[in-house]
Amino acid sequence: MRRTHNCGELRLADIGKKVCMKGWVRFSRDHGGVEFIDLADAYGITQLVFDPEDITNNADKDDISKALRSFSRESAVSVDGIVRRRLPDTEDPKNRTGKVEVLITKAEVLNRSKAPPFELGDQKESVLPGEETRLKYRYLDLRRTEMSEALRFRHRFIKAAREYLDKTGFIEVETPILTKSTPEGARDFIVPSRVHPGTFYALPQSPQLFKQMLMVGGVDKYYQVARCFRDEDSRADRQPEFTQLDMEMSFVDSKDIQDMIEGLVAYVWKAIYNKTLKTPFKRISFDDAMNKYGSDKPDLRYGLPMIHITDIVKDAPYDIFQKVLSKNGIIAGFNVKGKMAGDKIGRNEVDRLIHFVKSTGLGGMTWMRAADGTLDSNIVKYFTPEVLAKLMKKMDVEDGDLLLLLAGPKKAVLETGGQLRKKLAEDLELTKPGTYQFAWLVDCPMFEIDPASGKKDPFHHPFVLPTGPLSDNVGGASFDLIMNGAELGSGSQRIHDPEIQRKIFGMLGYRDETIERDFGFFLEALGYGAPPHGGIALGIDRLISILLGKETIRDVIAFPKNKKAQSLLDGSPGKVDDERLEELQILSIAIDDIDIGDIE
């Protein structure tokens with residue numbers, strides 16, 4: 001028989017049916033001559049049972065018994081049988097098929113498995129093997145229900161996104177994978193050309209230039225589930241190759257793009273969760289995000305804003321504050337409300353927070369606690385009653401509140417404040433699992449400027465449309481979609497005037513010959529009536545990992561690299577035969593073959 005049902009399909013309504021099921025032997029157990037088997041596939045697990053008392057034909061009984069003896073764990077098998085109800089005290093409420101089982105009438109091994117290197121059942125993280133083992137045997141790891149469900153969730157997300165984009169007039173266009181190397185930020189992966197020795201392609205960091213040229217070509221609304229490549233160090237949310245949902249539109253402004261994305265996310269939300277997502281999303285300026293939350297991707301599921309008190313304490317004779325202020329530093333802090341913290345932050349916890357702040361590079365942290373209508377700590381004596389009153393008003397202090405104060409250079413205070421805010425939220429359990437807060441980060445700068453060298457780098461990328469006359473402090477028409485403390489994607493209006501684009505390259509320090517060599521083709525394209533246009537790209541791996549509560553994007557990618565950008569499954573990157581390198585006219589030299597005396 002061909003397979004009639006998958007392993008997640010049978011219900012009480014199927015009792016009495018003759019079925020043929022195929023899958024992998026997850027577990028087997030013998031209860032006094034009655035054998036129970038958990039048969040698994042991509043859809044679930046069904047219990048099979050072989051009871052010799054229920055098989056009247058001895059030949060059939062012998063055949064089944066012989067087949068079951070070769071049913072090693074994770075072997076692929078085929079079983080015919082009859083669906084029957086489990087006894088009431090043996091039902092499994094956690095399993096969708098847990099009220100029924102299949103009485104085996106025929107069994108066959110399709111492919112016997114070696115002993116698997118780890119258990120593939122629904123294991124808790126604490127008993128799973130190390131990630132290196134899981135990545136080496138990824139084809140087995142993918143059989144686990146958790147991994148199978150992650151890939152299916154990813155599929156449903158992309159499917160719904162495609163549906164929405166199709167309904168709203170977008171067309172999917174593939175852009176090249178072998179491209180020209182251009183200095184856009186991260187390092188390129190380069191690919192040597194055999195046909196043109198000494199020249200190289202680059203794998204695309206993103207489809208940025210091509211999607212803009214599609215707008216020049218009149219495509220109007222483009223999208224692509226795009227593979228992107230960046231030769232940078234791996235982290236929990238980074239991979240050398242990743243996937244983004246890439247979009248571009250003509251004749252739009254920033255709000256058009258943001259409205260489109262809100263519609264897309266709401267459509268996907270409804271398709272996946274059957275819930276209506278509240279739109280429009282909140283908007284927060286870059287300056288407000290940094291000053292209040294110490295991050296350009298703040299988690300807005302909870303409060304704890306950073307409160308700046310430099311103007312209030314500037315005249316207090318407290319040496320630490322005065323030294324900071326003499327160097328143009330700032331003082332800011334948090335009011336951890338008593339009703340929020342309860343008794344979770346005692347004196348020992350405050351000391352641990354001080355140690356945490358020091359670990360970020362800031363000199364330390366001071367604190368005050370409110371009681372009986374005033375503030376108390378070992379530094380209160382340095383502040384007049386008038387200053388303390390102003391401080392309590394500015395920070396909205398009530399009895400039981402704890403003030404945590406940071407002082408230092410502005411950049412350091414904001415960055416440490418952002419980390420401290422996040423730690424407080426974790427320690428006080430201020431976020432509930434399964435809650436999501438989307439927002440737009442807007443009014444971003446055009447450039448990031450190194451205070452020591454004065455070197456300018458793009459805040460997003462060099463193709464963002466400036467929002468005013470060109471200067472070091474000009475803003476850029478860019479924006480980020482953020483959620484729960486993570487950046488999900490960046491978008492912007494693009495420069496469509498080739499002269500403005502050329503000037504931006506110049507402000508970033510590109511020499512004329514570099515501009516012409518690396519971007520001449522793109523600037524020429526902009527000169528043929530490029531329309532005003534803009535777009536955005538959402539990081540699919542990162543978004544899916546957040547929605548599924550995963551700590552790393554590797555758990556939502558079928559075949560990821562490890563933290564060292566290696567594939568333990570196939571051994572890449574690996575060496576290439578010398579003959580192949582000769583075809584490419586690349587010289588291969590082993591370090592061990594070099595005589596140190598030959599090096600001048």
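A salt bridge here is a side-chain nitrogen of Lys or Arg within 4 Å of a carboxyl oxygen of Asp or Glu. Keep that in mind as you look at this predicted model, where Arg-134 and Asp-141 make such a pair, with 3.1 Å from N to O. Both partners are buried. In general, side chains of opposite charge can pair when their charged atoms come close. Across the whole structure, a search turns up 43 salt bridges.

Now hop over to helix α4, where Glu-163 and Lys-159 sit 4 residues apart, about one turn of the helix. Their side chains also form a salt bridge, this one at 2.8 Å from N to O.

Elsewhere, salt bridges with shared partners tie Arg-134, Arg-138, Asp-141, Arg-144, Glu-146, Lys-550 and Asp-555 into one network.

Next stop, helix α12 (residues 385-394). Which of its residues are buried? They are Val-387, Leu-388, Leu-391 and Met-392. Look down the axis of α12 and these buried residues fall within an arc of 135°, so they line one face of the helix. Pro-385, Glu-386, Lys-390 and Lys-393 are exposed on the other side. And what do the buried residues of α12 pack against? Their partners are α8 (310-313), β14 (366-371), β15 (374-376) and β16 (402-408). After α12 comes Asp-396, with a positive phi near 50°.

In the loop between β14 and β15 you'll find Asp-372, a non-glycine residue with a positive phi near 55°. Asp-372 counts as exposed because its relative accessible area is 74%. Glu-429, in the loop between α13 and β17 (438-442), also has a positive phi near 55° without being a glycine. With a relative accessible area of 63%, Glu-429 is exposed.

While you're checking loops, take a look at the cis peptide bonds. One joins Thr-279 and Pro-280, with omega about 0°, and Pro-280 lies in the loop between α6 (254-273) and β11 (282-285). Another joins Ser-572 and Pro-573, again with omega about 0°; Pro-573 belongs to the loop between α16 (540-547) and α17 (578-583).

Finally, turn to the second largest pocket, which holds about 650 Å³ of space. Its lining has 29 residues, and Asp-38, Ile-45, Arg-86, Asp-92 and Asn-95 lie nearest the centre. At least two lining residues each come from β1 (18-31), β2 (34-41), β3 (44-50), β4 (76-85) and α4 (145-167). The largest share, 5 residues, is supplied by β3. What classes of residue make up the lining? There are 12 charged, 10 polar and 7 nonpolar residues.

Definitions and conventions:
Residues numbered from 1 in each chain as written. Predicted model: local features only at pLDDT ≥ 70, side-chain atom pairs only at ≥ 80, totals over all residues. Heavy atoms only, no water. 1 Å grid on protein atoms, 1.4 Å probe; cavity = no way out; pocket = protein on both sides within 12 Å on 5 of 7 lines; lining within 4 Å. Points joined across faces, edges and corners; volume = space filled by probe spheres on them. Nonpolar A, V, L, I, M, F, W, Y, C, P; charged D, E, K, R; others polar. Buried < 20%, exposed > 50% of the residue type's maximum accessible area, 1.4 Å probe, protein only. Arc of directions from axis to C-beta. Contact = heavy atoms within 4.5 Å.
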